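Here's a quick walk through the model below.

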Amino acid sequence: MNEKKTLATTWLDGCSGCHMSLLDMDERLIDLSQQFDLVYCPLVDQKIFPPHVDITLIEGAIGNEEDLEKIHLIRERTRILVSLGDCAVTGNVSALRNPFGADAVLRRVYGEPTGTLAQVPKIGLPKLLSRVRPLHDYVHVDLFVPGCPPSADTIYTVLSELLAGRMPDLSSVAHFG
Amino acid sequence: MTATPAVKTFVIDGVDASARSEQTILSAAREHNIFIPTLCHLEGLSDVGACRLCLVEVKGARRLLPACTTRVEEGMEITCNSPRIAAYRQMTLQLLFAERNHVCAVCLANRHCELQSLATSLGMTHVEIPYRFPSLSVDISHERFTLDHNRCILCTRCIRVCSEIEGAHTWDLMGRGIQSRVITDLDQPWGESDTCTSCGKCVQVCPTGALFQKNRTGGQCCKDPSFLPYLRTMREEP
Amino acid sequence: MTTLTEELDQITAKVQQEQQAAGDRINVCVAAGCLSLHSDAVQHALEAETKKSAARCAVRGVGCMGLCSAGPVVSHEPAASASNENATRLYRGVQPEDAPQLVASLQGEPVAKLAISSQLPFFTRQTKVVLENSGRINPESIEEYIATGGYRALMHALNEMTPAEVVQEISASGLRGRGGAGYPTGLKWATVARVAGAPKYVICNADEGDPGAFMDRSVLEGDPHRVLEGMILAAYAIGASQGYIYLRAEYPLAVKRLGIAIREAKRMGLLGSDIGGTRMNLNLEIRLGAGAFVCGEETALIASIEGHRGTPHPRPPYPAESGLWGSPTLINNVETYANVPPILRRGSAWYAALGTAKSKGTKVFALSGKVRNTGLIEVPMGMTLREIIFDIGGGVDEGHTFKAVQTGGPSGGCIPAAQLDIPVDYDSLMQAGSIMGSGGMIVMDDSSCMVNVARFFMEFCMSESCGKCIPCRAGTAQMYGLLTRITEGTATHRELDLLTRLCDMVGATSLCGLGQTAPNPVLSTLRYFKNEYLAHIEDKHCPAGVCDCTASIAEVAQ
């Protein structure tokens with residue numbers, strides 16, 4: 001019955017800027033949204049990643065164990081997996097912590113500002129991986145969309161082409177890094 | 001005995017071409033509008049054949065040859081762009097991106113970077129080689145310039161321009177292999193260098209954001225090395 | 001006025017007379033291997049003991065006798081049988097406290113607890129050309145070298161042959177470069193001789209740096225004049241009047257003995273101006289390498305001699321046309337030069353009769369690893385790996401099985417048991433995915449993990465890469481990282497695929513031989529021991545029990 005493609009988006013270790021850029025498509029989003037069902041997204045109230053998704057846009061890199069678990073699940077349930085933005089494609093700003101290590105980050109965030117009473121939370125905080133890495137270090141990625149963030153035009157090209165059943169050629173609209 | 005002809009004829013990417021006998025494959029190719037990517041080469045500096053991006057296939061040669069240091073020869077058949085070469089060039093770029101911390105989004109040279117634009121023009125979409133994420137320092141001791149080792153690709157243009165054009169030889173290399181890095185004088189902070197004339201030529205020839213002028217914000221680090229061939233020509237004996 | 005040739009004859013007669021007068025000879029190996037086991041103390045004890053007992057015998061320190069695993073090695077040549085090698089007695093593991101017993105035995109039966117038979121295959125299967133004097137003469141005495149016929153080839157060439165005839169003789173011998181690549185030596189000499197331009201330089205590459213290789217060191221420590229004579233002949237052949245020996249500073253004993261040899265040769269008029277009364281001049285100097293493997297690459301070596309950073313540059317131009325300070329330069333390895341005097345002394349036909357059709361002569365190997373008789377050996381080209389490892393080397397230890405032999409150092413490869421019957425020559429080793437290299441031969445048994453072996457060599461290449469070109473600098477580091485992931489059990493087929501492609505890319509695009517050959521240990525182990533790679537990747541299991549394959553994928557920190 002339903003011929004619309006299913007679309008999911010999520011953010012992992014990133015700043016949500018790519019999703020802001022997605023919303024920057026403005027009125028084009030209204031036209032585009034006729035062509036898909038949004039089945040999972042940080043901006044909608046769906047808690048479980050559905051079993052069969054046509055296209056998933058992922059913003060952010062893999063930085064903690066929860067990200068790692070998620071990406072494997074999403075990969076399993078997605079037909080076309082898109083690395084959206086530099087953090088997903090290269091690690092980018094999220095990976096800036098790598099030369100210092102995860103412990104240094106936790107100490108800086110939870111330790112230094114509040115002095116002696118400070119401690120790293122033991123519950124509710126997924127364990128940080130020793131290195132933040134791009135998605136394709138763990139799972140197969142079908143399309144890489146560079147940019148920090150990718151422009152609204154680029155995302156529009158990506159979505160409209162994918163929804164039309166074509167693999168977009170980004171060489172003229174995007175720039176590596 | 002006949003004198004060696006001053007002009008050589010050869011075939012480059014299927015096109016019959018000619019060049020003066022002292023010309024390199026690279027300069028001949030550029031005259032014929034054939035694209036060969038380069039990073040360590042810069043018009044006006046000596047060539048070192050280090051970045052390996054300009055490797056071309058020459059029929060009959062056992063190995064790929066660097067276009068920047070190989071002179072044209074009579075009857076050469078040169079292939080500048082083949083699937084094999086394209087794959088090697090992509091991998092070379094990937095090795096560079098993975099070697100240090102090239103975070104384009106927060107780099108002053110973003111969109112004005114030769115490494116980045118080569119990646120785009122060679123169709124690189126991602127780096128499949130594992131990033132190494134080394135811990136590297138930034139030298140801000142100089143009054144006007146900054147050296148960020150995270151962005152350095154060790155092309156040695158700064159070393160060559162300082163030694164060959166400015167005549168100061170402030171820059172050099174220390175360490176070897178993956179531990180190599182550029183240094184000023186005997187590894188002193190740049191700001192304490194006795195030999196640096198603060199001419200800024202190194203900054204202008206740096207292909208990435210490793211050397212940049214202070215007081216600029218992201219994406220404003222435009223480089224202009226076009227003064228080099230001019231300087232070199234003007235200094236040549238008449 | 002006596003000519004130098006007559007002088008050499010007089011020295012020979014005098015040395016022989018002295019040796020006869022001195023009676024028995026006790027030779028103590030004082031090359032680096034035995035010296036590290038304090039053979040100098042053994043020598044002193046023997047000297048003291050002979051003095052005390054007034055035995056008619058001379059104690060001398062000599063170069064390597066080969067069987068390094070049995071050090072300190074001492075040999076006893078009875079006076080009556082100076083020409084009869086079979087009468088020579090060999091002793092192993094000699095300690096200073098053994099001196100009285102040894103000296104007491106000179107006229108009687110050999111000391112049983114120390115004796116080793118000189119009829120062991122280790123000795124009888126070897127053919128010594130380069131090492132003919134090693135272990136038999138005092139390397140610090142030019143007279144003893146002369147007494148073995150030394151510098152006669154040089155005098156003959158200077159007086160009777162034209163430079164072109166010398167080149168011709170080397171070409172006819174079929175000698176190929178012993179440094180690794182096997183380039184025909186005669187062709188190299190002819191090229192440098194033909195190139196117009198002066199000055200020309202002759203360089204000896206003594207920057208032996210392969211892990212497990214000590215051939216050149218042993219030659220320089222045991223018979224340095226042979227190398228000098230070879231170099232002087234080369235200089236005559238190509239028309240050079242200045243030469244350098246690029247020697248690694250980690251070989252202090254070789255530095256010392258070569259220094260003595262150069263001084264002595266100068267004193268004799270065999271180096272310097274008007275050599276042997278002819279118009280030939282040659283000045284030789286030692287240049288010490290500061291411990292960079294890449295400086296064994298000829299263009300890097302030249303840069304280092306010139307005082308620059310030791311990094312290679314693209315060839316062409318080749319050193320033969322534009323080498324040291326832009327002049328035509330001949331670079332040969334220590335062992336190559338050491339082959340030159342016997343070729344000229346005994347003729348190219350004699351030399352060409354040794355070895356195989358395309359690989360002439362003998363080759364010195366440093367046999368090490370999981371083999372009983374580790375040490376220095378010299379065999380004719382064409383001997384099979386099996387004969388070398390099992391007959392000469394004595395095979396692997398009880399309870400273990402042979403797995404592979406690594407030849408050619410970090411540029412070479414691992415050859416499996418199934419290929420043990422291939423003859424050792426340049427082409428056969430190349431076909432088997434390895435190279436002759438400079439002569440390192442490391443034996444591995446079932447307790448060696450081949451992935452770990454590949455990783456070891458890659459670590460070596462990574463830390464020895466000069467860093468000039470990207471594929472070698474960053475590529476070796478990446479390949480090392482990928483091999484580490486395989487050994488720690490966090491790799492998948494994706495990493496293996498990437499490793500394979502990097503091997504191809506680094507080999508094809510690197511600037512110099514170091515990077516071009518760096519993938520070889522990986523490629524050859526992948527070719528013959530892929531199952532070991534797969535066991536690490538799929539089963540997280542190291543078949544040799546060397547690697548701990550239990551790291552977590554999430555914690556990969558490379």
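Predicted model: local features only at pLDDT ≥ 70, side-chain atom pairs only at ≥ 80, totals over all residues.

| Feature of chain C | Value |
|---|---|
| Helices | 23 |
| Strands | 14 |
| Buried residues | 57% of the 558 residues |

What about the way the chain folds back on itself? Counting contacts in chain C between residues at least 6 apart in sequence, 74% of them join residues at least 24 apart.

Now for the neighbour. Where chain B meets chain C, 25 residues of chain B are in contact with 26 residues of chain C. On the chain B side, helix α2 (residues 83-99) gives the most, with seven residues. That side of chain B is made up of 15 nonpolar residues, with five polar and five charged ones alongside.

Helix α2 of chain B turns up again inside its own chain. Which helix has buried residues that pack against α2 of chain B? That would be α3(B). This helix covers residues 114-121, and its buried residues are B:Glu114, B:Leu115, B:Gln116, B:Leu118 and B:Ala119. An α-helix has 3.6 residues a turn, so residues three or four places apart point the same way. After α3(B) comes B:Gly123, which has a positive phi, near 75 degrees.

Technical notes
Residues numbered from 1 in each chain as written. Chains lettered and ligands numbered in written order. Contact = placed C-beta atoms within 7 Å. Helix = DSSP H or I, 4+ residues; strand = E, 2+ residues; numbered from the N terminus. Nonpolar A, V, L, I, M, F, W, Y, C, P; charged D, E, K, R; others polar. Buried ≥ 20, exposed ≤ 12 C-beta atoms within 10 Å, placed from the backbone.
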